[in-house]
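Have the sequence and the 3D view ready.

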Amino acid sequence: MKSKDSGNSSTKLKNTLKNALIVSCQPVSGGAMDDSPYVVGFALAALSAGAAVLRIESARYVAAVRAATGAPIIGLIKRDLDESPVRITPFLDDVAALAQAGADIIAFDATDRVRPVTVEALAQAIRAAGKLSMADCSCIDDARRALATGADFVGTTMSGYTGGPEPVDPDISLIAELRQLTPNVIAEGRIRTIEQAQAAARAGASCVVVGSAITRTEHITAWFRDALNEAYEPAPVVLAVDLGGTKTMASLVQGGEVLDTVVLATDRSGSPEGWLAAIADATTVWHGRYTAAGIAVTGAVRNGMWRAMNKATLGIEGEFPLVACATELLGVPVVAANDAQAAAWGEFKATSDGSDLVFMTVSTGLGGGIVSGGRLLQGVAGHFGQMWGPSGDNVPLESRICGPWIAAEAKRQGHECEPREVFSAADAGDAWAVAIIGGVARRFARLCCDIQLAIDPARIVIGGGVGLAPGFLDKVKAEILAIGPSAMPELRAATLGPRAGIVGIADLAL
């Protein structure tokens with residue numbers, strides 16, 4: 001029968017563990033810090049920074065730490081046994097040694113495996129020694145059995161360590177399951193970041209153990225070494241293709257740098273099969289230099305299928321299996337996306353502030369892409385050119401904003417010329433050209449204001465032959481000021497120019 005003082009002590013200890021950080025001070029066996037002064041130093045440093053409890057391995061180290069502090073200690077002994085896979089406190093003598101060394105809580109392996117001593121016997125021995133017990137579990141069934149024997153705490157310590165490949169992340173779902181059984185859940189195992197510790201707490205853990213990330217210099221060093229090796233390793237080379245309504249650009253891209261480029265005219269009377277074949281022919285000399293490919297196309301791409309959004313730009317009948325056909329033709333994994341979405345991602349990756357953006361390219365058509373919360377929205381997201389204009393003439397916006405409309409309107413007024421010539425005439429002050437470009441700028445300015453109200457991006461980035469035409473962006477900004485919207489959009493010129501789609505799709509391919 002428990003004494004009143006013993007019951008009070010147990011209650012006080014359980015309260016100490018509530019919402020606590022437990023630091024596991026277990027040096028790498030045989031490592032440079034596998035000695036009592038180092039373990040004691042780690043323990044005192046952790047306590048000085050706010051740790052409430054320590055988890056210490058071996059009776060020798062428990063005794064050394066106990067001599068240095070009165071803080072609660074979870075003690076355990078690890079053994080490598082030939083006859084059993086159980087390593088944590090497998091014997092009754094281990095319980096006695098830890099209790100004598102000064103452990104307040106004794107941890108033991110509670111998994112359902114071949115073992116030298118039963119879970120029931122270990123739990124009873126810990127109780128008889130006047131200590132609290134922590135059952136290190138691999139699953140909820142382990143916890144149920146341990147709690148039935150009277151275990152005071154259940155931990156997730158053994159999750160991922162009873163067979164199969166070792167996981168990388170902590171078992172947050174097991175924490176939540178255990179919390180349904182008892183409030184005394186200790187989260188332990190592979191908790192290496194602040195975010196993972198917070199996730200464990202939010203999942204219901206009463207307290208959280210962090211070990212290697214704080215006290216194992218060898219492990220932390222290896223993590224950083226591996227990360228740097230990966231960063232310094234030469235980036236893969238990607239075949240990046242921007243297939244547009246007028247021209248097709250194919251480039252070899254490595255780490256955001258364009259190594260080589262070929263440009264060919266897009267046969268608008270052709271077919272998707274023909275366009276892909278032309279790309280393969282034009283890039284034959286690069287075969288073997290790239291390990292993946294990305295294809296940015298006008299139109300919408302969903303689940304590898306490509307369809308036209310405006311058949312006047314490129315006529316595609318129905319849906320075309322773009323990814324499957326390109327993969328077979330090029331012989332490497334292929335990723336496909338809308339060209340403006342790829343350009344949006346390229347601009348996002350090229351800027352250092354990481355803020356959300358809307359990208360719009362004004363050229364043969366009007367395309368767009370949205371990066372929100374650091375993620376590119378795909379499918380039909382950003383196809384602003386397909387939105388209906390306010391004129392009530394049942395035509396999409398791009399039909400009255402882009403290059404073909406500028407040329408057609410100039411021709412209607414008796415001036416047969418290309419869009420760039422209309423811009424030149426507008427710069428020279430020709431009234432007919434000023435009116436055409438001014439109308440385009442006005443309609444585009446309204447679209448930018450509408451986008452700001454709908455999405456509220458930190459910036460709207462403008463690209464494309466019309467969008468980057470000399471003076472066009474200034475005209476759009478002036479029109480926005482004249483409108484005086486309640487939410488003022490921040491307009492910026494694309495930094496990557498015509499390479500945005502190439503750079504973006506290359507990154508997406510990886």
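Which residues have the most contacts inside the largest nonpolar core? In this predicted model, they are Cys25, Leu54, Ile56, Val65, Phe108, Ala135 and Val208, within a core of 48 residues. Helix α2, covering residues 36–48, supplies the largest share of this core, with 6 residues. As background, nonpolar side chains in soluble globular proteins tend to be buried together.

Over the protein as a whole, take the contacts between residues at least 6 apart in sequence: 61% of them join residues at least 24 apart.

Now zoom out to the overall form. You can trace 18 helices and 21 strands in the protein. The C-alpha atoms fill a box of roughly 105 × 55 × 40 Å along the principal axes. The radius of gyration is 33 Å, whereas a compact globule of 510 residues would have one near 24 Å.

Finally, consider burial and the surface. Of the 510 residues, 49% are buried. The protein exposes about 23500 Å², and carbon and sulfur atoms supply 52% of that area. As for charge, there are 43 positive and 54 negative charges, and their mean positions are 7 Å apart.

How values were computed
Residues are numbered from 1 along each chain as its sequence is written. This is a predicted model: local features need pLDDT of at least 70, side-chain atom pairs count only at pLDDT 80 or more; totals for chains, interfaces and linings use all residues. Side-chain values use heavy atoms; hydrogens and water are left out. Helices (H or I, at least four residues) and strands (E, at least two) are DSSP runs, numbered from the N terminus. The radius of gyration is taken over C-alpha atoms; the globule rule is 2.2 Å times the number of residues to the power 0.38. Buried means under 20% relative accessible area, exposed over 50%, partly exposed in between (1.4 Å probe, protein chains only). Contact means heavy atoms within 4.5 Å. Accessible areas come from the Shrake-Rupley method with a 1.4 Å probe; for residues, only the protein chains shown count as cover. Lys and Arg count as positive and Asp and Glu as negative; His and the chain ends are not counted. The place of a charge is taken as NZ of Lys, CZ of Arg, CG of Asp or CD of Glu. A nonpolar core is a set of buried Ala, Val, Leu, Ile, Met, Phe, Trp, Tyr and Cys residues joined through side-chain atoms within 4.5 Å.
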